[in-house]
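These are my notes from going through the model of a two-chain complex. I looked up each chain, then selected elements, then the contact between the chains.

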Amino acid sequence: MPTRRLFLAGVAASTLARASAEARPVIVGSKLDLEGGLLGHMMLLALAEGKIATESRLGIGPTSILRAALLSGAIDLCPEYTGNAAFFFHEDGDPVWKDAAAGYARAAKLDYARNRLVWLTPAPADNSWVIAVPESLARIQNLRTMVDFARFVRDGNKVKLAASAEFVESAAGLPAFETLYGFRLAARQLLVLSGGETSATMKAAADGISGVNAAMAYATDGALKALDLHALEDTLRAEPVYAPAPVVREAALASYPKIGDILSPVFARLDLASLRDLNERVAVEGEDSGTVAKEFFRARGLIR
Amino acid sequence: MRAGLFDKRFALVFGSNAETASMPKVHDRILLGLFSLGLVVIFSGGFLNCAPNRLATGVAYPLSQAPALETAAAMIGLCGLAFLSLAQGQKLRSFATILVAALILWGSLAGAGRLAAILMQAGPPATRASLGPAFWTLASVAILALVDAVQRGNFSFPARACIGAAFCASFLLMAATGAFDSLSLAREFLNNRGVFVNELLHHLGLVCAAIFFALMIGVPLTVLVLRKKAAGGFVFASLGILQTIPSIALFGVLIAPMSRLSELLPLLRSLGINGTGPAPAVLALTLYSLLPLVRSFYTGFSEVAMEVKDAAAAIGFGWRRLFIVVELPLALPALVSGLRVVTIQAIGLASVAALIGAGGLGTFIFQGIGQYALDLVLVGAIPVILLALLANFIFEMLLGLARRNL
């Protein structure tokens with residue numbers, strides 16, 4: 001009797017599971033950071049506009065957690081940066097990641113072959129690591145690009161950079177800048193923070209906390225303008241390209257093949273300037289990222 | 001003649017006698033201490049911090065810049081604390097302290113709200129007015145004075161509940177009329193209003209699930225430890241080691257084995273159990289709950305005197321009756337205390353769960369840290385503190401009931 005009951009329960013459970021797999025909404029995830037929230041809201045909005053049922057799991061956690069959630073099937077779709085694929089597949093020394101198109105193609109190929117994950121059309125933006133200095137310093141010392149910054153450091157001027165441990169140690173981070181532009185920052189010229197968030201580093205440079213006058217930042221950081229910081233242009237291309245793109249599980253894409261067509265016009269409109277503006281509205285003006293996403297859609301005619 | 005009468009009355013109220021006639025005697029050092037703390041911070045710390053936007057460094061405004069009525073209320077209330085510390089008569093002092101605390105709270109809350117509204121109108125639209133150290137100190141001084149007065153005043157339980165409800169209702173009424181809408185903290189909250197209830201429920205869900213599983217595992221473990229003393233050392237040692245693992249590490253360590261488990265067992269996967277999300281969070285919280293739970297349950301039952309049990313057995317109690325009528329009531333206070341510790345600990349620790357995708361109030365805390373937005377951190381942290389206080393209050397009541405039944 002108990003075995004029979006158990007068997008029936010098992011059958012019921014498996015039919016339930018199958019039924020839910022068919023009608024299953026697309027679970028959209030994102031990182032806990034600000035841009036993750038923005039891109040996540042945009043995906044939810046676009047899918048809703050395309051009549052695809054969604055479930056929101058925005059703000060799941062840092063990159064590693066979001067990646068684990070996507071691989072395990074806890075989420076179906078999330079925004080990811082092409083440059084991060086270099087770390088996922090331990091290829092961060094390879095120059096291919098410095099080219100937007102080639103890096104995207106490599107990420108898409110590797111992730112599909114190994115994990116059956118599909119990279120959809122990326123945004124024409126690059127959220128790579130940059131070094132930012134206060135606008136006043138940039139004006140006085142004429143610092144516009146990384147070439148200028150390297151000269152400034154070599155001339156023995158007072159420089160102190162606030163950055164995350166990852167940026168300082170990773171081969172694709174500060175060492176890449178130093179090698180390509182030919183400068184070297186000593187340990188006492190660095191203020192190393194453990195987290196990867198740039199708000200604290202930028203705040204330190206803007207306010208001159210502990211003598212900091214340069215900060216690690218992301219190219220699309222919304223706070224750069226508000227904190228009056230100038231992002232030094234990586235003219236010689238030391239850094240990998242971090243283009244945001246939607247990444248979707250093949251199974252979810254098979255159930256809803258339209259996902260690609262729905263998301264590509266959205267990401268196509270996200271260039272560096274728009275991303276910076278949108279990030280700024282959330283980071284600096286403190287608007288809600290869902291509202292900002294919706295207004296962007298209206299302004300660009302993506303929804304009525 | 002008149003002066004003499006006043007002196008006499010003064011002496012009556014303030015307990016001065018011949019020796020200390022020139023200097024009134026302090027009857028409540030706590031109130032005097034709170035007054036001094038409030039006074040020092042009012043003059044040294046900013047009441048409101050106003051910045052042109054959410055990230056910029058702002059300018060501190062002292063309490064004196066707030067509208068006169070509210071400033072006066074807070075200052076008069078604060079001086080009232082000093083005055084009351086000299087008053088004799090416990091009951092009267094407690095009653096007056098509650099009124100004075102209400103005055104300070106109203107003055108600082110309404111003052112902050114109105115000053116923020118004024119600053120917002122004067123500045124650009126992205127202007128942010130955040131509560132400063134002087135505000136938080138004044139509010140804490142008022143709340144501490146209030147709690148102290150309620151405890152010392154020996155009020156009945158319904159009276160305490162009424163006082164608490166009156167303060168909460170007044171606060172909510174102020175909030176509903178938009179008194180705080182210009183404050184940065186309120187704006188962060190309103191921005192996240194849509195997800196707030198969801199995350200709050202997530203947080204409570206994690207805590208309840210963890211306590212449920214901790215009881216499911218902890219009760220049999222307690223029975224084992226009570227029956228077989230030899231197992232006790234091993235059980236407590238292993239639970240002790242679990243307790244020493246830093247929370248972020250335990251949450252992180254569980255991801256890999258849980259993912260593998262869900263890959264191997266499709267049933268788990270279809271139930272949504274995998275390496276990230278609520279499952280590992282509940283597991284980690286359960287593991288942390290086990291040591292305090294089993295230890296207090298063990299203590300509760302092992303401290304029931306052997307003589308009592310023998311006497312009950314001698315008058316013919318079976319084991320079931322012995323357990324229900326004798327052991328359980330005697331151990332109940334320890335069991336409730338154990339649950340109290342476990343619940344409060346889980347409410348705090350569940351904040352970390354946001355890092356592994358389990359949601360909860362920690363989401364706001366970590367978003368706030370990442371965006372350097374202290375007020376967003378508070379949107380997550382204040383409810384966590386309030387939940388812990390509420391749990392503490394509920395368990396205190398249950399403890400009172402458990403003791404009364406003895």
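**Chain B, overall**

I began with how far apart in sequence the contacting residues are: in chain B, 74% of the contacts between residues at least 6 apart in sequence join residues at least 24 apart. I note here that the model is predicted. I counted the secondary structure next and found 17 helices and three strands in chain B. Along the principal axes, the C-alpha trace of chain B spans about 80 × 65 × 30 Å. Of the 406 residues in chain B, 39% are buried.

**Strands of chain B**

I looked up which strands pair with β1(B), residues 48–51. Strand β2(B), residues 59–61, runs antiparallel to β1(B) and is joined to it by three bridges. In this pair, Cys50(B) stands opposite Val59(B) of β2(B). Strand β3(B), residues 128–131, also pairs with β1(B) in the antiparallel sense, over four bridges. There I found Asn49(B) opposite Ser130(B) of β3(B).

**Helix packing around α13(B)**

I took α13(B), residues 278–302, and looked at its packing with two other helices. With α15(B), residues 319–349, the packing angle is about 160° and the axes are 8 Å apart. At an angle over 145 degrees a pair counts as roughly antiparallel, and α13(B) and α15(B) are therefore roughly antiparallel to each other. Their crossing is right-handed. On the α13(B) side, the contact residues include Leu285(B), Tyr288(B), Pro292(B), Leu293(B) and Phe297(B). On the α15(B) side, they include Ala331(B), Ala334(B), Leu335(B), Val341(B), Val342(B) and Leu349(B). By class, I have 13 nonpolar residues, seven polar and one charged in this contact.

I then asked at what angle α8(B) and α13(B) pack. Helix α8(B), residues 193–227, packs with α13(B) at about 40°, with the axes 6 Å apart. The two helices are therefore oblique to each other. The crossing of α8(B) past α13(B) is right-handed. The contact of α8(B) with α13(B) has 20 nonpolar and five polar residues, and no charged ones.

**Chain A, overall**

I repeated the overall look-up for chain A. Its secondary structure comes to 15 helices and ten strands. The C-alpha atoms of chain A fill a box of roughly 85 × 45 × 35 Å along the principal axes. Buried residues are 49% of the 304 residues in chain A. Of the contacts in chain A with a separation of 6 or more, 75% are between residues 24 or more positions apart.

**The sheet of chain A**

I traced an open sheet of five strands in chain A, in the order β7-β6-β8-β5-β9, with mixed pairing. Which strands stand at the edges? They are β7(A), residues 190–193, and β9(A), residues 229–231; each has a single partner strand, so one side of each is left without a neighbour in the sheet. On average, neighbouring strands of this sheet are turned by 35° against each other, direction ignored.

I checked one pair within the sheet. Strands β5(A), residues 129–134, and β8(A), residues 214–218, pair in the antiparallel sense over four bridges. The bridge partner of Trp129(A) in β8(A) is Tyr218(A). I also found helix α10(A) lying across β5, β6, β7, β8 and β9 of chain A, at about 145° to β8(A).

**Helix α3(A)**

I looked at burial in this helix. Eight of the ten residues of α3(A) are buried, so the helix is largely enclosed by the rest of the structure. Among the buried residues are Ile65(A), Leu66(A), Leu70(A) and Leu71(A), and also Arg67(A) and Ser72(A). Just after α3(A), Gly73(A) has a positive phi of about 90°.

**Contact between the chains**

Last, I looked up what each chain brings to the contact. Chain A gives 27 residues and chain B gives 28. From chain A, at least two residues each come from α1 (2–22), β2 (54–61), α3 (63–72), α10 (199–207) and α11 (223–226). The chain A side of the contact has 15 nonpolar, six polar and six charged residues.

Notes. Residues are numbered from 1 along each chain as its sequence is written. Chains are lettered from A and ligands numbered from 1 in the order in which they are written. This is a predicted model: local features need pLDDT of at least 70, side-chain atom pairs count only at pLDDT 80 or more; totals for chains, interfaces and linings use all residues. Two residues are in contact if their C-beta atoms, placed from the backbone, lie within 7 Å. Ala, Val, Leu, Ile, Met, Phe, Trp, Tyr, Cys and Pro count as nonpolar, Asp, Glu, Lys and Arg as charged, and the others, Gly among them, as polar. Axes are lines fitted to C-alpha atoms, for helices over the stretch in contact, and angles run from 0 to 180 degrees between N-to-C directions. Angles under 35 degrees count as roughly parallel, over 145 as roughly antiparallel, 65 to 115 as roughly perpendicular and the rest as oblique. A crossing is left-handed if the near helix is turned anticlockwise from the far one by less than a right angle, and right-handed if clockwise. A residue is buried if 20 or more other C-beta atoms lie within 10 Å of its own, exposed if 12 or fewer, and partly exposed in between; C-beta atoms are placed from the backbone. Two strands pair if DSSP finds at least two bridges between them.
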